[in-house]
Amino acid sequence: MIDSATPLLPPAQASIQASTPASAQAVLEQLHPLLLPPPPAWTPQTPAWGVLTVLGLMALLWAAWRSGQRWRAARFRRLALAELERLRAELHSSQPAATRVAAARQLPALVRRLALAHAARQEVASLQGPAWCIWLDQTLERNPDHKPALSASAPPQAFTQGVGQHLGAWAYLPPAQLPWDTLPALFDLLEHWIRQHRVPGTAPVQKLK
């Protein structure tokens with residue numbers, strides 16, 4: 001029978017076993033910790049990537065600037081269309097004759113203001129008469145899908161030979177001499193011009209459908 005008070009191992013072996021965990025801990029403490037890789041850098045590591053990053057930022061800024069320009073130009077078109085519709089409503093209403101004449105006389109100024117918004121002032125401010133009509137024809141982009149009736153009836157020179165040649169007359173002719181019978185076709189032509197015109201030598205402006 002083995003006495004429970006008697007140790008199972010000799011003193012020397014018991015001492016070795018007791019000291020083993022301490023020795024192992026000492027060895028583990030001498031080991032280097034695990035070396036983790038550094039986190040990836042967010043900055044370009046080569047000059048080429050740096051140049052591409054700068055070029056990309058410049059392209060984004062340029063695109064944002066161009067979008068702002070197009071939005072601004074399209075805003076002028078929307079305002080001109082709203083004004084044209086207001087004048088059309090006044091001319092088709094039962095307003096007094098003087099009010100209808102006053103509304104019709106605003107058409108040349110409306111076209112001039114929109115032209116000055118999209119073109120250089122020195123280019124269009126001094127144009128009058130036939131020269132002004134020629135310039136309007138040069139900016140008019142004909143789109144048969146937009147208004148088939150207008151495209152079929154209006155000649156290629158809509159402002160020099162068609163109903164557009166009477167545009168300036170609405171600003172100064174006496175009411176009795178105004179070509180009232182051409183007014184509906186003139187409104188259609190001006191609406192088409194406001195939506196689709198393009199100033200020669202300038203960047204494309206967002207058109208309205």
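**Pro184**

I began at Pro184, which counts as partly exposed because its relative accessible area is 46%, in the range between the 20% limit for buried and the 50% limit for exposed. I found Pro184 in helix H8.

**The whole chain**

Next I stepped back for an overview. I noted that this is a predicted model. The protein chain has eight helices and zero strands, and read along the sequence the pattern is α-α-α-α-α-α-α-α. I also looked up burial: of the 209 residues in the protein chain, 29% are buried.

**Salt bridges**

How many salt bridges does the structure hold? I noted six.

I followed the ones around Arg88. The side chains of Glu85 and Arg88 meet in a salt bridge, at 3.2 Å from N to O. These two sit about one helical turn from each other, because they are three residues apart in helix H2. Their accessibility is worth a note: Glu85 is partly exposed at 39% relative accessibility, whereas Arg88 is buried, with a relative accessible area of 17%.

Arg88 has another partner, Glu191, with the closest N and O atoms 3.2 Å apart. This pair links distant parts of the chain, as Arg88 is in helix H2 and Glu191 is in helix H8, 103 residues apart. Both Arg88 and Glu191 are buried.

From Glu191 I went on to Arg195. They form a salt bridge whose closest N and O atoms are 3.3 Å apart. Arg195 and Glu191 are four residues apart in helix H8, so about one helical turn separates them. I marked both Arg195 and Glu191 as buried. Putting the shared partners together, I get one network of salt bridges that joins Glu85, Arg88, Asp188, Glu191 and Arg195.

**The second largest pocket**

I then turned to the second largest pocket, with a volume of about 210 Å³. Which residues line this pocket? My list reads Pro108, Ala109, Arg112, Gln128, Gly129, Trp132, Cys133, Gln165, Gly168, Ala169, Ala171 and Tyr172. Two or more lining residues come from each of helix H4 (107-118) and helix H6 (129-139). By type, the lining residues divide into seven nonpolar, four polar and one charged.

I picked out Tyr172 from this lining. Is Tyr172 buried or exposed? Tyr172 counts as exposed because its relative accessibility is 61%, and the cut-off for exposed is over 50%. Tyr172 is found in the loop between helix H7 (148-153) and helix H8 (183-196). I also checked Tyr172 against Arg105: they are 67 residues apart along the chain, and their C-alpha atoms are separated by 7.8 Å.

**A nonpolar patch**

My last stop was on the surface, where Trp49, Val51, Leu52, Val54, Leu55 and Met58 form a nonpolar patch. Together these residues have about 630 Å² of accessible area. I looked up Val54 as one of them and found it in helix H2 (residues 47-91). Val54 counts as partly exposed because its relative accessibility is 46%.

Notes: Residues numbered from 1 in each chain as written. Predicted model: local features only at pLDDT ≥ 70, side-chain atom pairs only at ≥ 80, totals over all residues. Heavy atoms only, no water. 1 Å grid on protein atoms, 1.4 Å probe; cavity = no way out; pocket = protein on both sides within 12 Å on 5 of 7 lines; lining within 4 Å. Points joined across faces, edges and corners; volume = space filled by probe spheres on them. Nonpolar A, V, L, I, M, F, W, Y, C, P; charged D, E, K, R; others polar. Patch = residues over 30% accessible without salt bridge, like charges linked within 9 Å, V, L, I, M, F, W, Y side chains within 5 Å. Areas by Shrake-Rupley, 256 points an atom, 1.4 Å probe, with all protein chains shown as cover. Salt bridge = Lys/Arg side-chain N within 4 Å of Asp/Glu carboxyl O. Buried < 20%, exposed > 50% of the residue type's maximum accessible area, 1.4 Å probe, protein only.
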